[in-house]
Amino acid sequence: MALDQSFVGRTYPPTPPYEVGREKIREFAEAIGDANPAYADQEAAKELGHPDVIAPPTFVFAITFKAAGAVIEDPQLGLDYSRVVHGDQKFVYTRPVHAGDRLSVTSTIEAIKSLAGNDILDIRGEVHDESGEHVVTAWTKLVSRAPEGA
């Protein structure tokens, strides 16, 4: 069944703040194999003009995808998550994510398209710090595969 087109433009409430920790950043950088010292060493980050260690650019995927869960789990949308694959991801930063940031995400459905029986869902996540400053916008594209034989 096709996704409900009337959901395009729907915005979900902001998430509770997520506090970015130094150890989470270090673990993430280690997991992706990025040895940039600004991700683990406060002094190295400060030498580059940052107030604390910074996160690799893809770090925010963890919080923006969790926030997109409000969209994914919305029963009225009609998304069968068992058929979903991740199609694409894009980030546009205003500033880097720093350890100590408290970030909230507001998710909006930007587009719903059908192509060859597959539904394509574009979700935009606007990430702001606790002062309301914009930090990054993340776009997630999900593809809900057509049922077998459809």
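Lys113, at 41% relative accessibility, counts as partly exposed (buried means under 20% relative accessible area, exposed over 50%, and partly exposed in between, with a 1.4 Å probe and protein chains only). The model is predicted: local features need pLDDT of at least 70, side-chain atom pairs count only at pLDDT 80 or more, and totals for chains, interfaces and linings use all residues. Residues are numbered from 1 along each chain as its sequence is written, and side-chain values use heavy atoms, with hydrogens and water left out.

**Confidence**

- The mean pLDDT of the protein is 94, and 98% of its residues reach 70 or more; pLDDT is the predictor's confidence in each residue, from 0 to 100.
- Confidence is lowest in helix H3 (residues 61–72), with a mean of 94, and highest in E1, at 98. Helices (H or I, at least four residues) and strands (E, at least two) are DSSP runs, numbered from the N terminus.

**Strand pairing**

- E1 and E3 run antiparallel and are joined by two bridges; two strands pair if DSSP finds at least two bridges between them.
- Within E3, Arg102 is the bridge partner of Glu19.
- E3 also runs antiparallel to strand E4 (residues 118–129), and 12 bridges join these two strands.
- Ser114 stands opposite Asp119 in E4.
- The hairpin of E3 and E4 has two residues between the strands, and Ala116 takes a positive phi near 55 degrees there.
- In a regular strand, side chains alternate between the two faces of the sheet.

**Salt bridges**

- The structure holds 13 salt bridges, a salt bridge being a side-chain nitrogen of Lys or Arg within 4 Å of a carboxyl oxygen of Asp or Glu.
- One of them joins Arg102 and Glu19, whose closest N and O atoms are 3.6 Å apart. This pair links distant parts of the chain, with Arg102 in strand E3 (residues 102–115) and Glu19 in strand E1 (residues 18–19), 83 residues apart.
- Arg102 counts as partly exposed, at 29% relative accessibility.
- Lys113 forms a salt bridge with Asp122, the closest N and O atoms lying 3.5 Å apart. Asp122 is buried, with a relative accessible area of 11%, whereas Lys113 is partly exposed.
- Arg124 and Glu126 meet through their side chains in a salt bridge of 2.9 Å, N to O.
- A network of salt bridges links Arg95, Asp101, Asp129 and Glu133.
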